Amino acid sequence: MSQASTILGLSLSKVMAVVWLLMLFSGLSVVYVSHQCRLLYSELAVLEQKKNGLQVAWGQYLIEESALASLHRVEVFAQQKLGMQAPVLDQIVVVKP
Amino acid sequence: MKREQTKSRRPSGSKSRSSRGRQPGARQLGLSAWRYRVVVVGLALLPLAALWKIASLQVLPDIDRGFEFLKGQGDDRMVRKEEIPGYRGVITDRRGEPLAVSTPVLSIWADPRVLDANADQLAPLARQLGIKLSVLTGRIAHYAGKEFMYLSRRITPRQAEAILELGIPGVYKNTEYKRYYPAGEVTAQLVGFTDIDDVGQEGMELAFNESLAGRSGFRQVLKDQKGRVIKDLRLLSSEKPGKNLALSIDLRLQYAAYRELKAAITHFRAASGSVVILDVHSGEVLAMVNQPSFNPNDRSRLNTQAMRNRAATDLIEPGSIMKPLTMVAALESGKFHPSTVIDTSPGHFRVGRKTFVDHKNYGPLDLTGILKKSSQVGTTKIAMALEPEAIRGVFERVGLGQGPGTGFPGESAGFLPNKQRWRPVERATMAFGYGLAVTPLQLAQAYGVLASGGTKTAVSLLKISPEDRQVPSELDRVIPSAIAVDVREMMKSVLEKGGTGTRAAIPGYEVAGKTGTSHKVGAAGYQQDHYVSLFAGMVPADSPRLVAVVVIDDPRSEDYYGGLVAAPVFSKVTAEALRFLNIPPDIPFPKSELVTAKEASFKEDLPKETSPKDVQTSRSGADKSMAKSDLAGVQKLVRAQGGAT
């Protein structure tokens, strides 16, 4: 009987108390962790939304960029505003490695 | 009050005296047993009642509107359906330049009934929409009694937000996708376009619609009071983002080709035209442009004529541009070698009842000279000396009459006649490129065989990554290497002084090519004054990297020879392509020795191209029956060729 009432030298009632405390702690931890989880998840959701927004913006910038940097526009700009021209043959120096 | 106090004391008392009787509490207090029992039973019933209520709310259906109702109410406050966007894939060129990009746009719509009730708020709305208030009220009146009207379609998210921020009741947004084509008309026919639902309708958009198409997914999430997503419940349907597609074309080359083609079409007042540039080693199409073209971003004034990717779909009769392949057949036969001399005098040659005429009497010419001058008589004499099937065999081996297999919608396989018995005149016309029909893309592929030294590579409109690139094996060989090299060598002469293609010359590079001018087929056989001008060539001539084909259809100017109309386009486009691709010049270029075409000097000198006008000079009256031929297109022209005996 005395063996059953003590575990690791502690009486059964003390062991029960420790287990109760552990359970309480574990329960509160679950609450805390799930709260943290929700916070992080909502952050993730916000970031994902942001990502989608950026994706949209990227697409628009891509279009804008290729509209502004269209070869035709660049060519007209280079020739007319900057007075550039394609090098004629004897201006080209072929460099061999 | 007194009773409650005694009751609260009871547990401690009853514990010590529990052995004395069944209802010690009642006796001690002097109460009758039944009252005690009623209280005990009553207290026991209360938790049972609570349990029953809980069960009825949470488990049992149909009681108190059932648990479904409460669950539904709870979910309505917490569970939300979120869209996971899946965009249509981006189409790019080989270097990643975007050619087609989908971007979400918003359409603002309104419920006219709600809007009508808030008439005082219409003024700011009209201002934000950029229309007059009277116009807006007019439109609302028009849609009176309806539940839906568009206020503004397909506007940028920023513009839409500005309208929604007014907070006018009855104004809503709707996300749609719009596809933009940054390269516009330069790639219009190749890339194609999508309809309003983002489904491919033409070109590569149609061919690869399955893999490009994106599908939005949905997931169920829990949201808290502030609208933040706090838990992912489940995926209702997974999103499928469209795959990106990298085409084989290089936008820089595409643009250069388009610009030069457009300039030439305008200058020569031609009906249409195409340019195809091919990478010899990989078979990738580096440029494929057509005129006329259209702006895929604004299709309000769409001309269906401009929508065709002529380079892949339209058939032309190639004319003398096929002579290098005839030379392949000649060399393969073993009866000829490049320096075999054939006497072309007196400048005309009779086959059956037809006479083929050269521009002038060239006298004795070797094979190289025949190609250089594009001599009809010489070519005909060669054709007569060959096996009837020899020339057709070469044409077939280099891919004519077969679909190039790029997967482009409407890609044409061309037409290569197959005959049991070849009449002499058919053999002759086949030798200089009449009686068959090809697309510019097929021409490029055929010249690609000569350029690669005799191996045939499948042409591709999709980018082939270097590791996927197939090294041509002997299994792909369709022409002996030595013969391909010989013919290339012969084709160089076309660009030399006195050749037909001098204007195709590119300073610093050696070019091998061939001009062509063919008569167009009209309702009454070959037309006297409607031509197709062609040039096909490869650079650098000794180890070609690029093959380019220029086709200009029906130039209405005085010039119509391929050497005058198409060759300069070839020269300009290819020179730019070589520069873009960093292909080093293969000949040192002392300036004085460069052949630079001048407008006047070559005109008289330019040998006359193959033209059935000459073929027809001695046609008898029997040919008039051909005019009645009601078969369209190619069949008509083949019959016209064949029925001349």
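Trainee: Where in chain B does B:Pro292 lie?

Mentor: B:Pro292 sits in the loop between strand E10 (285-291) and helix H13 (304-307) of chain B. Helices (H or I, at least four residues) and strands (E, at least two) are DSSP runs, numbered from the N terminus. This is a predicted model, where local features need pLDDT of at least 70 and side-chain atom pairs count only at pLDDT 80 or more, while totals for chains, interfaces and linings use all residues. Residues are numbered from 1 along each chain as its sequence is written, chains are lettered from A and ligands numbered from 1 in the order in which they are written, and side-chain values use heavy atoms, with hydrogens and water left out.

Trainee: Which kind of peptide bond joins B:Gln291 and B:Pro292?

Mentor: That bond is cis, with omega about -5°. A cis bond also joins B:Val539 and B:Pro540, with omega about -25°. B:Pro540 lies in the loop between strand E16 (525-539) and strand E17 (546-553) of chain B.

Trainee: Why is H15(B) called oblique to H20(B)?

Mentor: Helix H15 (residues 323-333) and helix H20 (residues 440-451) of chain B have axes that come within 11 Å and cross at roughly 45°. Angles under 35 degrees count as roughly parallel, over 145 as roughly antiparallel, 65 to 115 as roughly perpendicular and the rest as oblique. Therefore H15(B) is oblique to H20(B). Axes are lines fitted to C-alpha atoms, for helices over the stretch in contact, and angles run from 0 to 180 degrees between N-to-C directions.

Trainee: Which residues make the contact of H15(B) with H20(B)?

Mentor: H15(B) brings B:Pro324, B:Leu325 and B:Val328, and H20(B) brings B:Ala446, B:Tyr447 and B:Leu450; contact means heavy atoms within 4.5 Å. They divide into 6 nonpolar, no polar and no charged. Ala, Val, Leu, Ile, Met, Phe, Trp, Tyr, Cys and Pro count as nonpolar, Asp, Glu, Lys and Arg as charged, and the others, Gly among them, as polar.

Trainee: What is the volume of the second largest pocket?

Mentor: About 1300 Å³, a volume being the space filled by probe spheres set on grid points joined across faces, edges and corners. On a 1 Å grid over the protein atoms alone, a cavity is a set of points where a 1.4 Å probe fits but cannot get out, and a pocket is an open set with protein on both sides within 12 Å along at least five of seven lines; lining residues have an atom within 4 Å of a point.

Trainee: Which element gives the most to that lining?

Mentor: H2(A), with 13 residues.
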